[in-house]
Amino acid sequence: MTAAVAASIALVLAGVLPASAADEAESGSTSNVVGDPEYNVLGETPTQPDARARMSVATPTRITFSENPVGTYVQSLYVATHGVQFGPTAFIATDGANPTSPVLSGSPRFQGDITGTFVNADGPFTVDHFSVDIGYLDAANAVSIRAFDSRGLELVTVPVSLTGIVTVNVTHPNIAAFLVFTSGSEPAGWAIDNLTFTAPSGDPSNDAGAYVAPW
Ligand SMILES: [Ca+2]
């Protein structure tokens, strides 16, 4: 056991982490507890002052997709600034049906699935809640959100039962990643906007265990 692992487990025993995260930290302790705990606990000089400051005081992070130009395939553009890695086919688009355009579209435009993984400069992390606007939906139960844990296993799937621009809240412990996908018939398509979550504040072991992306 390395000093870093020992320190991380000590944090777990001190009650910093919930029990499930503690289990993951222990089971993954051979190689996957990332980083120097002193660095993570005490923080560092922020390289992205605004974003890191928001995270350190546990205020919500919000991505509005007005941060980058329309047409951008965002992929890892939001990792350093906001803490989300998007799938390779998602791009920023204008959407006349959404009052908060621009939005994030999958490929094909307004038809493709969208994936997101919570990861920042310190590595993957999990959240217990996030919200996202989905729309414009002409049909109920046509689009769903699925949340995954850090092993890539499904935690919960939330069908969007309303129409229009719908703010969907997903609440479950230890959400590492999510998928928004067409689960029914939505002829006019959809996009997402205003992804909002609260990242853990400097917790080095919240990137628990063996991390496996579900896609
Ligand atoms: Ca927007």
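Does Phe65 count as buried or exposed, and how many C-beta neighbours does Phe65 have inside 10 Å? Phe65 counts as buried because 25 C-beta neighbours lie inside 10 Å; the term buried requires 20 or more other C-beta atoms within 10 Å of a residue's own, whereas exposed means 12 or fewer and partly exposed lies in between, with C-beta atoms placed from the backbone. This is a predicted model, in which local features need pLDDT of at least 70, side-chain atom pairs count only at pLDDT 80 or more, and totals for chains, interfaces and linings use all residues. Residues are numbered from 1 along each chain as its sequence is written.

**Overall architecture**
- The protein contains five helices and 12 strands, defined as DSSP runs (helices: H or I, at least four residues; strands: E, at least two) and numbered from the N terminus.
- Of the 215 residues in the protein, 42% are buried.
- Of the contacts between residues at least 6 apart in sequence, 71% join residues at least 24 apart; a contact requires C-beta atoms, placed from the backbone, to lie within 7 Å.

**Cis peptide bonds**
- Ser101 and Pro102 are joined by a cis peptide bond with omega of about 10°, and Pro102 lies in the loop between strand 3 (91–93) and strand 4 (103–105).
- Ser107 and Pro108 are joined by a cis peptide bond with omega of about 0°, and Pro108 lies in the loop between strand 4 and strand 5 (114–120).

**Positive phi angles**
- Phe65, although not a glycine, has a positive phi of about 65°, and its place is the loop between strand 1 (61–63) and helix 5 (79–82).
- Asn174, also not a glycine, has a positive phi near 65° and belongs to strand 10 (residues 164–175).
- Asn174 counts as buried because it has 22 C-beta neighbours inside 10 Å.

Definitions and conventions: Contact = placed C-beta atoms within 7 Å.
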